[in-house]
Amino acid sequence: MPVTSGDPYVPGRGDATYEVRHYDLDLSYKVSSNRLSGLARLDVVATSPLTQLRIDLVGLRVSKVTTGRLTSRWTQRGGHVIVTLPRPLAPGEGTSITLTYAGNPGPARSVWGDVGWEELDDGVLVASQPTGAPTWFPCNDHPRSKGTYRIAVECDSPYAVCVTGTLTGRYVRGSRTRHVYDQPDPMATYLAAVHIGQYDRALLAEGPVRQVVVAPRRLHRQVLGELQLQPRMMELFADLFGPYPFDDYTVVVTPDELEIPLEAQGMATFGPNWLSGRGVHQRLIAHELAHQWFGNSLTVTSWADIWLNEGFACYAEWLWSHASGGPTADTLASQQRTRLAGLAQDFVLADPGPETMFDDRVYKRGALTLHALRLHLGDEGFWSLLRTWVSEHEHGSVSTADFVQHVAAHDPSGEAERLLEAWLMHPALPLLPRPARR
């Protein structure tokens, strides 16, 4: 077996010896029996000399594997399909692997709870962060492994199917309908999502970014009322961070209540408990929207870098509060710094550990780190730095080291780099700096 060098936060997932440049998924699903059948073609490129390929797949059984047009030898065990290649691949060489598989999908257990394919009372949602993608398709399940996608889903006709990407085809075949979606922008496996349910679509905004709501008809009134400010959020974030990075944005509202909202590429998912019509969760709408820049377009190289997703999205909550007439970012930063000072300071933001990676302290300390940098650089320098960070890494993978290097290039004095050292590399919570002279 090759040395796979997966992510230490999720041992056994992901393989650094190859990349998947494109996924072509052809799926057929029966809601009543929760039966999924799939044909998955992975266009792979070797990054190390390869004689075998380790592909992640959980809870579903493979019946056939081909490499190019040749039937391949394979074994399946422990959440992996091990494919023996007909001939070795040198670094830079590529081939296509096609897997035929089927089964009754369900979520995978993890230290963060059950993740992946989940049945609702009448339908399905996929919540893949961080390790749920292999519960519904064979993949190289690592956040730094980004590819383009074509996903076709055939399902019973009364059900709507919503998938990450742009709908490019819809074909009725008797009592079933085939839905085809294309995702031309590179996407990490955990950001691929599928929703199946009794949903209707509604247009929230036509432009400058098309925004669509997918929800049960009975929920449309309350949901559209709750989301009425989202187009203004889109305008604010595009002005602060740079242009929205995808073709459109879809908000899916499930009929079942959800523990937390979820992000996917070009998509966010809420339970009706988070969009109740009372306007009390606007910060979460802003948070999920901000992930389209931070997490989805710019995706972490390793789960240790999770603050680059969650800290930025949390800071976007504060920016929206300020812009919409609520408490300012300064006020919220001061409040959160006081709150965190009274809590355990037992992790390092740049590497919080798998048990702590989704802890609220990571989110808030990440946002405080950005506010501290903004106070140090001043608004002009900070927003210039942030917009170039986004534009230079669009649709790519980023790390904490990349961000520190980017900041250092914008502040040759080295003071900003030392500020980040204190916030990112040490457990003790620093003081917020005094604002820079403007």
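User: What should I know about the model before I start?

Analyst: It is a predicted model, in which local features need pLDDT of at least 70, side-chain atom pairs count only at pLDDT 80 or more, and totals for chains, interfaces and linings use all residues. Residues are numbered from 1 along each chain as its sequence is written, and side-chain values use heavy atoms, with hydrogens and water left out.

User: How many salt bridges does a search of the whole structure find?

Analyst: Side chains of opposite charge can pair when their charged atoms come close. A salt bridge is counted when a side-chain nitrogen of Lys or Arg lies within 4 Å of a carboxyl oxygen of Asp or Glu. The search of the whole structure gives 19 salt bridges. One of them joins D43 to R41, with the closest N and O atoms 3.1 Å apart.

User: Is D43 buried or exposed?

Analyst: Buried means under 20% relative accessible area, exposed means over 50%, and partly exposed is in between (1.4 Å probe, protein chains only). D43 has 19% relative accessibility, so it counts as buried. R41 is partly exposed, at 31%.

User: Which side chain meets R176 in a salt bridge?

Analyst: That of E154, at 3.1 Å from N to O. The two residues are 22 apart and belong to distant parts of the chain: R176 is in strand 15 (residues 176-188) and E154 in strand 12 (residues 146-156). Strands here are DSSP runs of E with at least two residues, helices are runs of H or I with at least four, and both are numbered from the N terminus. R176 is buried at 15% relative accessibility, and E154 is buried at 17%.

User: Where in the chain are D360 and R339?

Analyst: These side chains form a salt bridge of 2.8 Å, N to O. D360 lies in helix 6 (residues 360-392) and R339 in helix 5 (residues 329-341), 21 residues apart. D360 is partly exposed at 33%, and R339 is partly exposed at 35%. Elsewhere, salt bridges with shared partners join K30, E154, D156, R173 and R176 into one network.

User: What is the strand order in the open sheet of eight strands?

Analyst: Two strands pair if DSSP finds at least two bridges between them. The order is 5-4-8-2-1-12-15-14, and the pairing is mixed. Strand 5 (70-71) and strand 14 (166-173) are the edge strands, each pairing on one side only. Strand 4 (residues 61-67) pairs with strand 8 (residues 94-103) in the antiparallel sense over six bridges. For K64, the bridge partner in strand 8 is T100.
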